[in-house]
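Here is a friendly note to read alongside the model. Take it one point at a time, and find each residue in the viewer as you go.

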Amino acid sequence: MKFVPKLFCVLAALVSVIPAGSVFAQRPGVNTTAAKPSPNTYNIANDLSLQGTVLQYTENSQTPPIGAHVLLQTSTGNIDVHLGDARLLHLANINLTQGASIRFVGQMRTAGQNSVFLARLVQVGAQLVAVRSDHGLPLAPAGARSDKALLANAQNNQKGGAR
(Lines give C-alpha, C1' and ligand atoms only; values in the text may rest on other atoms or scores of the structure.)
Protein backbone atom coordinates (compact mmCIF):
# COMPACT_ATOMS: atom_id res chain seq x y z
CA MET A 1 0.00 0.00 0.00
CA LYS A 2 3.00 2.31 -0.05
CA PHE A 3 2.51 2.51 -3.82
CA VAL A 4 -0.86 4.37 -3.61
CA PRO A 5 0.37 7.38 -1.57
CA LYS A 6 3.35 7.83 -3.93
CA LEU A 7 1.07 7.71 -6.97
CA PHE A 8 -1.24 10.21 -5.33
CA CYS A 9 1.67 12.58 -4.64
CA VAL A 10 2.86 12.33 -8.25
CA LEU A 11 -0.64 13.07 -9.58
CA ALA A 12 -1.08 15.98 -7.17
CA ALA A 13 2.25 17.43 -8.27
CA LEU A 14 1.27 17.16 -11.95
CA VAL A 15 -2.08 18.85 -11.37
CA SER A 16 -0.42 21.75 -9.60
CA VAL A 17 2.00 22.23 -12.51
CA ILE A 18 -0.72 22.34 -15.25
CA PRO A 19 -1.99 25.90 -15.64
CA ALA A 20 -5.75 26.24 -15.19
CA GLY A 21 -6.17 28.16 -18.46
CA SER A 22 -5.02 25.22 -20.58
CA VAL A 23 -7.73 23.00 -19.14
CA PHE A 24 -10.46 25.44 -20.17
CA ALA A 25 -8.93 26.26 -23.54
CA GLN A 26 -10.30 23.03 -25.02
CA ARG A 27 -13.91 23.66 -24.02
CA PRO A 28 -16.10 24.74 -26.91
CA GLY A 29 -17.46 28.24 -26.59
CA VAL A 30 -14.74 29.50 -24.25
CA ASN A 31 -12.49 32.20 -25.75
CA THR A 32 -13.42 31.27 -29.32
CA THR A 33 -13.52 33.83 -32.08
CA ALA A 34 -15.89 33.66 -35.00
CA ALA A 35 -14.10 31.98 -37.87
CA LYS A 36 -14.44 33.83 -41.15
CA PRO A 37 -15.14 31.52 -44.09
CA SER A 38 -12.64 31.50 -46.91
CA PRO A 39 -13.80 33.01 -50.22
CA ASN A 40 -14.39 29.61 -51.89
CA THR A 41 -16.32 28.14 -48.97
CA TYR A 42 -19.98 27.37 -49.63
CA ASN A 43 -22.09 29.73 -47.54
CA ILE A 44 -25.86 29.31 -47.74
CA ALA A 45 -26.27 33.08 -47.28
CA ASN A 46 -24.80 33.51 -50.79
CA ASP A 47 -27.33 31.24 -52.51
CA LEU A 48 -28.97 32.45 -55.70
CA SER A 49 -32.13 31.33 -57.44
CA LEU A 50 -32.09 30.42 -61.14
CA GLN A 51 -35.21 29.82 -63.14
CA GLY A 52 -35.42 28.72 -66.72
CA THR A 53 -36.06 26.01 -69.27
CA VAL A 54 -34.22 22.72 -69.57
CA LEU A 55 -32.33 22.61 -72.87
CA GLN A 56 -30.47 19.38 -72.14
CA TYR A 57 -30.23 16.90 -69.25
CA THR A 58 -27.21 14.61 -68.91
CA GLU A 59 -27.52 12.02 -66.16
CA ASN A 60 -23.86 10.91 -65.96
CA SER A 61 -21.75 13.70 -67.41
CA GLN A 62 -17.98 13.30 -67.34
CA THR A 63 -17.59 17.09 -67.43
CA PRO A 64 -16.29 18.28 -64.04
CA PRO A 65 -17.87 18.13 -61.60
CA ILE A 66 -18.90 14.59 -62.53
CA GLY A 67 -22.57 13.70 -62.18
CA ALA A 68 -25.91 14.93 -63.44
CA HIS A 69 -25.92 18.23 -65.36
CA VAL A 70 -28.64 20.42 -66.83
CA LEU A 71 -28.06 23.01 -69.51
CA LEU A 72 -30.51 25.70 -68.41
CA GLN A 73 -31.79 28.48 -70.65
CA THR A 74 -32.37 31.64 -68.61
CA SER A 75 -33.19 35.22 -69.54
CA THR A 76 -29.47 36.06 -69.22
CA GLY A 77 -28.15 33.09 -71.21
CA ASN A 78 -27.43 29.38 -70.92
CA ILE A 79 -26.00 28.03 -67.66
CA ASP A 80 -24.47 24.64 -66.84
CA VAL A 81 -26.07 23.38 -63.62
CA HIS A 82 -24.51 20.52 -61.63
CA LEU A 83 -27.01 18.36 -59.72
CA GLY A 84 -24.75 15.72 -58.20
CA ASP A 85 -26.07 12.16 -57.96
CA ALA A 86 -28.96 11.53 -60.39
CA ARG A 87 -30.31 8.75 -58.15
CA LEU A 88 -31.68 11.42 -55.79
CA LEU A 89 -33.80 12.78 -58.62
CA HIS A 90 -34.99 9.27 -59.52
CA LEU A 91 -35.96 8.53 -55.91
CA ALA A 92 -37.93 11.79 -55.77
CA ASN A 93 -39.62 10.97 -59.12
CA ILE A 94 -38.32 14.17 -60.71
CA ASN A 95 -38.09 14.02 -64.50
CA LEU A 96 -35.94 16.61 -66.20
CA THR A 97 -37.13 16.68 -69.79
CA GLN A 98 -36.23 19.11 -72.51
CA GLY A 99 -38.53 22.14 -72.36
CA ALA A 100 -39.45 21.68 -68.69
CA SER A 101 -39.64 24.81 -66.53
CA ILE A 102 -37.41 24.44 -63.48
CA ARG A 103 -35.92 26.41 -60.60
CA PHE A 104 -32.57 25.86 -58.87
CA VAL A 105 -31.13 27.33 -55.68
CA GLY A 106 -27.35 27.24 -55.28
CA GLN A 107 -24.14 29.06 -56.18
CA MET A 108 -21.87 29.69 -59.16
CA ARG A 109 -18.39 28.16 -59.00
CA THR A 110 -15.50 27.53 -61.36
CA ALA A 111 -14.67 23.93 -62.26
CA GLY A 112 -11.47 23.88 -64.27
CA GLN A 113 -11.96 26.48 -67.03
CA ASN A 114 -15.77 26.44 -66.87
CA SER A 115 -18.33 28.20 -64.72
CA VAL A 116 -20.93 25.89 -63.25
CA PHE A 117 -23.93 26.49 -61.00
CA LEU A 118 -23.86 24.08 -58.04
CA ALA A 119 -27.52 23.38 -57.33
CA ARG A 120 -28.48 22.79 -53.70
CA LEU A 121 -32.23 22.62 -54.30
CA VAL A 122 -34.16 21.54 -57.40
CA GLN A 123 -37.79 22.56 -57.85
CA VAL A 124 -40.08 21.27 -60.58
CA GLY A 125 -43.61 22.56 -60.10
CA ALA A 126 -44.49 22.11 -56.43
CA GLN A 127 -41.92 19.33 -55.97
CA LEU A 128 -38.66 20.29 -54.22
CA VAL A 129 -35.63 18.08 -53.58
CA ALA A 130 -32.27 18.83 -51.94
CA VAL A 131 -29.23 17.60 -53.87
CA ARG A 132 -26.56 19.32 -51.72
CA SER A 133 -26.14 19.92 -48.01
CA ASP A 134 -26.25 23.41 -46.50
CA HIS A 135 -22.43 23.26 -46.68
CA GLY A 136 -22.45 22.63 -50.44
CA LEU A 137 -21.54 18.95 -50.31
CA PRO A 138 -23.36 16.72 -52.82
CA LEU A 139 -25.89 14.45 -51.16
CA ALA A 140 -26.06 10.77 -51.98
CA PRO A 141 -28.93 8.33 -51.64
CA ALA A 142 -28.83 6.20 -48.51
CA GLY A 143 -27.21 2.76 -48.60
CA ALA A 144 -28.36 -0.17 -50.72
CA ARG A 145 -30.89 -1.34 -48.12
CA SER A 146 -32.63 2.05 -48.13
CA ASP A 147 -32.60 2.17 -51.93
CA LYS A 148 -34.40 -1.21 -52.08
CA ALA A 149 -36.97 -0.06 -49.53
CA LEU A 150 -37.58 3.20 -51.39
CA LEU A 151 -37.87 1.43 -54.73
CA ALA A 152 -40.31 -1.11 -53.27
CA ASN A 153 -42.34 1.74 -51.77
CA ALA A 154 -42.32 3.59 -55.11
CA GLN A 155 -43.54 0.45 -56.88
CA ASN A 156 -46.35 0.03 -54.34
CA ASN A 157 -47.35 3.66 -54.87
CA GLN A 158 -47.55 3.10 -58.62
CA LYS A 159 -49.72 0.00 -58.17
CA GLY A 160 -52.20 1.96 -56.08
CA GLY A 161 -52.21 -0.63 -53.29
CA ALA A 162 -53.25 -0.14 -49.69
CA ARG A 163 -51.52 2.62 -47.78
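The points below go through the salt bridges, a few histidines and some backbone details.

1. Before you start, please keep in mind that this is a predicted model. Every distance and percentage below was computed from that model.

2. How many salt bridges are there? The count comes to 3.

3. Taken together, D47, R120 and D134 are linked in a network of salt bridges.

4. D134, with a relative accessible area of 46%, is partly exposed.

5. Another salt bridge joins R87 and D85, and here the closest N and O atoms are 2.7 Å apart. R87 is partly exposed, its relative accessible area being 45%.

6. Next, move to H69, which has its place in strand β2 (residues 67–74). Why does H69 count as buried? Its relative accessibility is 4%, and buried means under 20%, so H69 falls in that class. Leaving aside neighbours within four places in sequence, H69 is in contact with several residues, including Q56, Y57, T58, D80, H82 and V116. As for spacing, the C-alpha atoms of H69 and D85 are separated by 9.6 Å, and these two residues are 16 apart along the chain.

7. The side chain of H69 also leads you to P65. A polar atom of that side chain lies 2.7 Å from the backbone oxygen of P65. P65 itself is in the loop between β1 (48–61) and β2. The peptide bond from P64 to P65 is cis, with omega near -10°. That is worth a second look, because most peptide bonds are trans.

8. Which residue has a positive phi although it is not a glycine? It is N93, with a phi of about 60°. Most residues other than glycine have a negative phi. You will find N93 in the loop between α3 and β4 (101–111).

9. Finally, visit H90, in helix α3 (residues 86–91). H90 is partly exposed, because its relative accessible area of 45% lies between the 20% and 50% limits. The C-alpha atoms of H90 and P141 are separated by 10.0 Å, although the two residues are 51 apart along the chain.

Terms used. Residues numbered from 1 in each chain as written. Predicted model: local features only at pLDDT ≥ 70, side-chain atom pairs only at ≥ 80, totals over all residues. Heavy atoms only, no water. Helix = DSSP H or I, 4+ residues; strand = E, 2+ residues; numbered from the N terminus. Buried < 20%, exposed > 50% of the residue type's maximum accessible area, 1.4 Å probe, protein only. Contact = heavy atoms within 4.5 Å. Polar contact = N/O pair within 3.5 Å; in protein donor to acceptor, adjacent residues only side chain to side chain. Salt bridge = Lys/Arg side-chain N within 4 Å of Asp/Glu carboxyl O.
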